[in-house]
Amino acid sequence: MANPAPDDLRSRLNEFKRYRNEHLSGDEKGESQVFLDRLFQAFGHGGVREAGATLEMRIKKRDRVSFADLLWKPRCLIEMKKAGSDLSRHYRQAFDYWINAVPNRPRFVILCNFDEFWIYDFDAQLDAPVDRVSIDQIDHRYDALSFLLPVEVKPIFHNDLVAVTREAAAGVARVFSEMHERGVSRTAAQRFVLQSVMAMFSEDIGLLPSGLFTRALDDSLGKDSAYDLVFGLFREMNTPGVTPAGRYRGTPYFNGGLFSEIFPVEPTKDELEALRRAAETDWSAVRPEIFGTLFEGSMEEGERHAHGAHFTSQADIVKIVNPVIVNPWRERIAQAGTIQELQKLLLELANFKVLDPACGSGNFLYVAYRELRRIENEIQSMISERRRGGLAGQTSISGITGNHFLGLDSNPFAVEMAKVTMMLAKKLSTDELDDHEEVLPLENLDGAIRAADALFTDWPQADVVIGNPPFLGRRRMIRDLGPDYCARLAERFPTVSGVSDFVTYWFPLAHAHLPAGGRAGLVATNTIRQNHSRRSSLDHIVDNGGQIFEAVSSQPWSGDAVVHVSLVNWLKGAEPGKKILWLNDGQLRLEMDHIPTSLSPGIDVTKAAILPVNKEPQVCFQGQTPGVTKGDGFVLDRATRRRIVVDPRNRDVVHPYLGGREMLHDTSVDRWVIDIPETDSLEAEARYPTLMSYLRKNVLPKRQEKAADESSRNTPLLARNPKARVNMHHSRFLENWWRLNYRRGDMLAAISSLDRYIATSRVASINRRTVVCFVDASIRPGDSMTVFSLDDDYSFGVLSSCFHDVWTRARCSSMKSDPRYTSTTVWDTFPWPQNPSREVIAGIVNNSSEILKEREKYLDRGVSLERQYESLNNPGNNRLKTLHESLDRLVAQAYGFSLDEDPLAQLYALNQDLAASAADMRGPGSHALGGVRISDSRVLPPIA
């Protein structure tokens with residue numbers, strides 16, 4: 001169905017507006033469906049049902065079923081309220097519906113009271129709609145609702161607060177950068193900009209007399225001095241009482257924190273003009289919970305960086321704050337039957353403390369504060385409604401204090417930004433709830449939010465712990481934090497594995513800090529589910545009386561587009577009822593009796609046993625690691641290889657070279673690697689003089705540089721503790737600088753008797769099955785490859801089956817969200833078929849041969865393996881897909897498994913069975929099986 005022409009659409013919407021005004025009174029229960037049907041007709045549909053939307057759609061929550069007025073996946077959800085309703089009071093209900101409307105969660109949510117449409121994009125901003133359209137404007141403002149058209153059109157919104165906040169952050173970042181670049185100290189420049197930010201907010205949200213700061217800037221750009229005018233205002237903001245007269249008459253006292261230190265400087269004209277432009281922003285529309293992150297991230301690079309910086313979306317923060325804080329309080333409110341019980345909840349709420357031990361600029365604390373203020377207001381409203389006459393409707397005073405929102409962070413400026421964020425939270429909550437709370441003077445939060453290293457500081461007592469601790473892999477920890485700091489970490493936290501991500505240190509600390517029955521929710525890289533990181537964090541929690549009650553297995557993090565994270569919410573104690581695990585990037589909700597520490601559904605394979613037969617003899621290897629590959633080094637292109645092998649003595653140690661990416665993306669090999677086996681430099685010089693000369697020029701300087709860097713990192717650590725364990729990798733590599741970092745002699749020995757071997761890329765794709773390949777034995781595999789010293793079609797078939805693929809995904813580590821093959825967790829535990837029949841073996845061998853022929857046919861036509869296997873996800877006839885489906889059935893027969901049951905559960909049961917019996921176990925490959933090879937397919941070396 002085509003969209004109506006613009007004139008026709010306006011005419012339809014005018015008719016819709018007339019119908020509402022003449023025929024509908026705005027009764028939520030009796031007229032909502034008629035209103036919605038007419039709305040869809042106006043936008044060019046036959047009606048709601050003809051468009052494919054559902055009225056009164058069931059949405060399942062943890063403990064009940066609710067009904068959304070209209071759900072049209074994946075476009076929108078509409079919730080109707082009676083005419084005259086204050087829609088701001090209902091966004092929480094709309095958000096709850098949206099978060100649970102999975103799979104295919106709708107992009108937009110509309111709250112409507114028959115006369116206004118409040119449009120929300122919760123992925124972008126939570127508290128405020130991205131647009132508000134009255135029914136009187138709808139024929140002119142339909143562009144904000146254009147996603148309702150039959151053919152969806154991108155809407156145009158007029159209340160994009162994220163864009164406003166980016167602009168504001170960019171403006172003040174420019175002021176900071178210019179001041180700091182001309183010699184103003186970082187502390188003075190930061191303090192000046194923060195005080196200016198508070199002044200601009202205060203003008204626009206009613207804390208300062210209107211225009212007071214802006215006029216000071218205007219006059220400073222004239223003949224007067226900003227040194228007197230601007231800093232004079234800041235001094236008045238730090239003076240108790242209200243300024244009685246003069247230029248700054250009516251200026252209230254703010255507090256003794258932010259304005260307690262004033263560093264007067266004379267801003268330049270450019271700086272004042274930039275600040276004046278920033279003051280033109282409507283700061284009441286700036287979102288404090290993301291401003292700090294955008295501003296902090298842009299200070300070094302100024303305005304340019306502010307427009308590209310990532311921030312943690314409020315919707316993602318709520319995935320921690322709701323389960324840990326909001327939902328438990330709402331459950332308690334629902335159970336309170338009397339005014340006395342509600343008053344007791346208010347008293348407890350006033351003493352409730354929240355801690356973020358890695359608070360940054362305060363985003364999590366800000367969201368938690370505003371949510372708790374809403375909960376408090378809800379309780380107060382319930383008390384008021386239950387009173388009969390007399391005290392009903394009296395103004396309530398908030399008992400929630402900013403000093404109960406506690407934060408630690410190692411970045412002093414982030415801490416100051418967090419205090420500003422939390423100071424503004426009180427005013428914004430007061431305005432939202434219309435509770436007439438006294439806002440000034442602002443609370444001094446110096447004791448609540450402190451600059452300190454949370455890993456070496458005692459944490460303040462709190463009822464819950466929330467936050468987003470820093471992500472840093474082990475190798476980057478040593479580089480960014482230094483070996484001395486890492487050594488102190490190891491001394492203080494001996495139970496945390498030395499190869500765990502930095503974020504894992506926060507989990508045992510948070511769990512130990514919780515009171516009995518306390519809750520915590522932290523964000524971590526999704527490696528938290530895997531191997532050493534899991535054992536140091538989630539396993540520790542569960543082993544020490546904790547229970548995961550809600551988690552997101554893995555999702556891209558809004559705070560950094562290249563990071564995939566897990567969100568884990570747990571309780572110190574036990575909680576009855578179902579637990580919730582979010583899958584598919586948080587788009588699929590799964591109820592479980594128990595969430596395992598692997599954060600995966602179904603069978604928990606984290607305790608799969610290592611099978612000795614898989615390790616001896618060794619069959620699975622990582623490819624060679626050159627160590628120096630960028631520019632001229634061990635890995636050669638065709639032209640460099642041609643120059644080097646002019647000397648015939650070099651040809652024996654220059655080999656074709658294949659990486660995982662080339663195997664998947666290319667159709668031929670076009671790189672070579674220098675692999676000198678000699679361990680004595682003089683012998684290597686005698687055998688390969690020209691080659692050694694090449695390496696001395698292109699490899700030795702890089703090895704020397706890395707060894708020197710390593711030594712400079714280790715020296716202070718060894719001076720402090722001569723027995724400290726330090727990395728000596730690069731020193732060892734320097735001793736054999738002409739050799740690859742890791743030559744993998746054991747792998748070379750294992751494949752030396754074969755004419756081909758099986759390989760796969762160590763990092764696969766989450767969106768397609770793992771691809772394995774035969775490779776000619778003359779080709780050296782790079783370290784992005786996993787190598788199996790197997791050459792038969794039966795082994796190829798088992799490793800290409802869905803059973804090996806599902807085990808890989810369950811037991812592997814990951815690179816972002818993509819599976820990464822690890823021999824210790826995947827291969828060493830993978831059970832092979834124990835008693836396959838000859839007929840099934842022959843079927844697997846023949847099927848594998850057909851798969852290889854089919855692949856070669858398309859490789860010869862320039863279609864890479866990656867493209868071939870991505871095509872398996874598409875509908876339609878595909879012979880390669882059919883062959884793989886047949887292979888899966890045959891391998892299931894070899895195992896004796898059913899394709900109708902969970903393959904992972906069956907493999908785990910076999911693993912446990914074999915571990916218990918130990919004797920007479922069949923291991924990898926085709927040992928003692930006949931007729932297992934009929935193909936000769938392989939990746940061939942390049943023609944020199």
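User: Which ring does the charged end of arginine 38 sit over, and how far is the charged end from the ring's centre?
Analyst: Let's start with a side-chain pairing in this predicted model. A charge counts as sitting over a ring if CZ of Arg is within 6 Å of the ring centre and within 35 degrees of the ring normal. The charged end of arginine 38 meets this rule with the ring of tyrosine 19, at a distance from the centre of 3.8 Å.

User: Which ring does the charged end of arginine 105 sit over?
Analyst: Here the charged end lies 5.0 Å from the ring centre. The ring belongs to tryptophan 98.

User: How are helix 1 and helix 2 oriented where they pack?
Analyst: Helix 1 covers residues 6–23 and helix 2 covers residues 28–42, and their axes are 9 Å apart at an angle of about 165°. Angles over 145 degrees count as roughly antiparallel. Therefore helix 1 and helix 2 are roughly antiparallel.

User: Which residues of helix 1 and helix 2 make the contact?
Analyst: Helix 1 passes helix 2 in a right-handed crossing. From helix 2, the contact uses Glu31, Val34, Phe35, Arg38, Leu39, Gln41 and Ala42. From helix 1, it uses Leu9, Arg12, Leu13, Phe16, Tyr19, Arg20 and His23.

User: Which residues of helix 4 are buried?
Analyst: Helix 4 spans residues 91–100 and is mostly covered, with nine of its 10 residues buried. The buried ones are Tyr91, Arg92, Ala94, Phe95, Asp96, Tyr97, Trp98, Ile99 and Asn100.

User: How many residues of helix 18 are buried?
Analyst: Good one to check in the viewer! Helix 18 runs over residues 506–513, and Trp506, Phe507, Pro508, Leu509, Ala510, His511 and His513 are buried there. Out of its eight residues, the number buried is seven.

User: Is the ring pair of phenylalanine 234 and phenylalanine 259 stacked or tilted?
Analyst: A pair of aromatic rings is described by the distance of the centres and the angle of the planes. For phenylalanine 234 and phenylalanine 259 the centres are 5.7 Å apart and the planes meet at 50°. Planes under 30 degrees apart count as stacked and over 60 as edge-to-face. The angle of 50° therefore makes the pair tilted.

User: How many residues apart are phenylalanine 234 and phenylalanine 259?
Analyst: Phenylalanine 234 is in helix 8 (residues 226–237), while phenylalanine 259 is in the loop between helix 8 and helix 9 (269–279). Both phenylalanine 234 and phenylalanine 259 are buried. Their pair links distant parts of the chain, and the separation is 25 residues.

User: Which residues are linked into a cluster by ring pairs?
Analyst: Counting ring pairs gives 38 aromatic pairs. Some ring pairs join up into a cluster made of Phe192, Phe213, Tyr227, Phe231, Phe234, Phe254 and Phe259.

User: Is leucine 365 buried or exposed?
Analyst: Leucine 365 is in helix 14 (residues 363–386). Beyond residues up to four places away in sequence, leucine 365 touches Val354, Asp356, Cys359, Phe405, Leu406, Gly407, Met422 and Ile449. Its relative accessible area is 0%, and the cut-off is under 20%. Leucine 365 is therefore buried.

User: Which residues is serine 937 in contact with, leaving aside its neighbours within four places in sequence?
Analyst: Serine 937 is placed in the segment after helix 34 (903–917). With a relative accessible area of 9%, serine 937 is buried. Its contacts are Arg756, Phe774, Leu852 and Glu856.

User: What is the peptide bond from lysine 73 to proline 74, cis or trans?
Analyst: Most residues other than glycine have a negative phi, and most peptide bonds are trans. Proline 74 lies in the loop between strand 2 (65–72) and strand 3 (76–80). The bond from lysine 73 to proline 74 has omega near -5°, and it is cis.

User: Is alanine 928 buried or exposed?
Analyst: Alanine 928 lies in the segment after helix 34. Although it is not a glycine, alanine 928 has a positive phi of about 65°. Its relative accessibility is 69%, and over 50% counts as exposed. So alanine 928 is exposed.

How values were computed: Residues are numbered from 1 along each chain as its sequence is written. This is a predicted model: local features need pLDDT of at least 70, side-chain atom pairs count only at pLDDT 80 or more; totals for chains, interfaces and linings use all residues. Side-chain values use heavy atoms; hydrogens and water are left out. Buried means under 20% relative accessible area, exposed over 50%, partly exposed in between (1.4 Å probe, protein chains only). Helices (H or I, at least four residues) and strands (E, at least two) are DSSP runs, numbered from the N terminus. Rings of Phe, Tyr and Trp (its six-membered ring) pair if their centres lie within 6.5 Å; planes under 30 degrees apart count as stacked, over 60 as edge-to-face and the rest as tilted. Axes are lines fitted to C-alpha atoms, for helices over the stretch in contact, and angles run from 0 to 180 degrees between N-to-C directions. Angles under 35 degrees count as roughly parallel, over 145 as roughly antiparallel, 65 to 115 as roughly perpendicular and the rest as oblique. A crossing is left-handed if the near helix is turned anticlockwise from the far one by less than a right angle, and right-handed if clockwise. Contact means heavy atoms within 4.5 Å.
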